[in-house]
Amino acid sequence: MAFSFDKWSGQLVITVDGIPVTQQLRLFSLSLTKRWALDVGVQERHSVVIEKKRKLLLAGFRPQTVRVLVDGTLLTSASM
């Protein structure tokens with residue numbers, strides 16, 4: 001699974017096993033937190049939630065936090 005977001009162009013892509021499952025162009029948003037929830041796996045299913053949080057003002061110039069939760073457990077958190 002891979003999450004890619006370019007805060008300058010607004011291009012967002014989430015891939016699972018190299019196949020894009022979500023592609024969006026995010027140029028404007030009123031919400032400070034955006035969540036993507038998906039189920040992955042065939043024989044062993046897992047619930048994956050990706051959360052991206054941004055600041056209220058000048059979000060493109062400030063770090064944004066991305067958290068990944070698998071089956072409700074925080075797997076990683078990073079600033080981008």
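Two strands pair if DSSP finds at least two bridges between them. The views below come from a predicted model.

**View 1. Strands S4 and S5 pair in the antiparallel sense.** The pairing runs over 8 bridges. S5 covers residues 46-53. Arg35 stands opposite Glu51 of S5. S4 and S5 form a hairpin, with 5 residues between them. Gly41 lies in the turn and has a positive phi of about 100°.

**View 2. S5 is also joined to strand S6.** These strands run antiparallel and share 6 bridges. S6 spans residues 65-70. Here Lys53 stands opposite Thr65 in S6.

**View 3. Arg26 sits in a loop between two strands.** Arg26 is buried, yet it has no salt bridge. Asp6 is the nearest side chain of opposite charge, 12 Å away. The side chain of Arg26 does make a polar contact of 3.1 Å with the side chain of Ser29. Beyond its neighbours within four places in sequence, Arg26 is in contact with Phe5, Gly10, Lys34 and Trp36.

**View 4. Phe3 belongs to strand S1.** That strand holds residues 2-5. Phe3 counts as partly exposed because its relative accessibility is 23%. Leaving aside neighbours within four places in sequence, its contacts include Leu12, Val13, Ile14 and Trp36. Ile50, Lys52, Val66 and Met80 are also among the contacts of Phe3. Val16 is 13 residues from Phe3 along the chain, and their C-alpha atoms are separated by 9.2 Å.

Methods:
Residues are numbered from 1 along each chain as its sequence is written. This is a predicted model: local features need pLDDT of at least 70, side-chain atom pairs count only at pLDDT 80 or more; totals for chains, interfaces and linings use all residues. Side-chain values use heavy atoms; hydrogens and water are left out. Helices (H or I, at least four residues) and strands (E, at least two) are DSSP runs, numbered from the N terminus. Buried means under 20% relative accessible area, exposed over 50%, partly exposed in between (1.4 Å probe, protein chains only). Lys and Arg count as positive and Asp and Glu as negative; His and the chain ends are not counted. A salt bridge is a side-chain nitrogen of Lys or Arg within 4 Å of a carboxyl oxygen of Asp or Glu. A polar contact is a pair of N or O atoms within 3.5 Å; within protein, one must be able to donate a hydrogen and the other to accept it, and residues adjacent in sequence count only if both atoms are side-chain atoms. Contact means heavy atoms within 4.5 Å.
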